[in-house]
Amino acid sequence: MKHGDPAKPLVSIITVVKNGADTIEETIRAVVGQTYPQIEYIVVDGASTDGTVDILRRYDDKIDHWISEPDEGLYHAMNKAVSFVTDPDAYVVFANSDDRLAAPTTIEAMVEAGGGADLIHGRERLGDGEVVSIAGGDVTVSDLAHQNFCHPATLTRRRLFDTVGLFDTRYEVVADYDFIVRCFQKPVSVRFVDEIVADVRMFGMSETRFMKSCTERADVVRRHFSGFARLTGMGQIYLYDIPRNLVRHLLRRTRLLRHWRSLRG
């Protein structure tokens, strides 16, 4: 596996995919088109049966390491991928098959502006086929109790997975959120960069399994926060996020969502 140097640290971009033939090629092209010179690309496929593996074979000379084998779920596959990164100072970025790096200069801009921080994070552009919104911003650990974090827009030092731990596979939807909270609660250096890093399709696992996501987020808040932070976190989930999603679902079913968005606009 590759290693970087202090001036140009290695960036290990990881794509985890299963039956993602419709989107994986777009993800791959965005990675291999990056201008940053020190990139390692790793793809872990969960034994796809829809043609994804054929696409990976076509890009065999562009991917440093890829495997296709059964796994125990998304975060098990992500943990497996992390194990292939051997440089402890490398940055790890997840660009899964529903995500795409926003521009060819994205990684280069994030590393240059990141100042060598352990965890560098930016913004992500969310799209659901009708509208696009921008998420992400500078946060503190207490902010994480009541707001999400843009994990696809984050560069994380490989060594943090040794000191903080890997993704907790007990969570099916929010193990990345749990990991980020654990990082912020450790003495790690964090830098926010006002850059759009990733384009994310909102119809990923967290969107389609929203209630599961809320239940798991609530568990993370209870485990890692106390006092006012825990109160605001639980209130965000049960008094805002769940009711808002129920209204949105109702508007979508009655075909009024587009009209509602037009009125808000």
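How many positive and negative side chains does the chain have, and how far apart do the centres of the two sets lie? In this predicted model, the count is 33 positive and 38 negative side chains, with 6 Å between the two centres. Here is a quick tour of the rest, from the whole fold down to one helix.

**Overall fold**
- The chain folds into 10 helices and nine strands.
- Its radius of gyration is 18 Å, close to the 18 Å that the globule rule gives for 265 residues, so the chain is as compact as a globular protein of that length.

**Burial, contacts and surface**
- Of the 265 residues in the chain, 49% are buried.
- Among contacts with a separation of 6 or more, 76% join residues 24 or more positions apart.
- The chain exposes about 12800 Å², and 51% of this area comes from carbon and sulfur atoms.

**A look at helix H1**
- Helix H1 takes in residues 24-32, and its buried residues are Ile24, Thr27, Ile28, Ala30 and Val31.
- These residues sit on the same side of H1, because the arc they cover around the axis is only 165 degrees.
- An α-helix has 3.6 residues a turn, so residues three or four places apart point the same way.

Conventions: Residues are numbered from 1 along each chain as its sequence is written. This is a predicted model: local features need pLDDT of at least 70, side-chain atom pairs count only at pLDDT 80 or more; totals for chains, interfaces and linings use all residues. Side-chain values use heavy atoms; hydrogens and water are left out. Helices (H or I, at least four residues) and strands (E, at least two) are DSSP runs, numbered from the N terminus. The radius of gyration is taken over C-alpha atoms; the globule rule is 2.2 Å times the number of residues to the power 0.38. Buried means under 20% relative accessible area, exposed over 50%, partly exposed in between (1.4 Å probe, protein chains only). Contact means heavy atoms within 4.5 Å. Accessible areas come from the Shrake-Rupley method with a 1.4 Å probe; for residues, only the protein chains shown count as cover. Lys and Arg count as positive and Asp and Glu as negative; His and the chain ends are not counted. The place of a charge is taken as NZ of Lys, CZ of Arg, CG of Asp or CD of Glu. The arc is that of the directions from the helix axis to the C-beta atoms.
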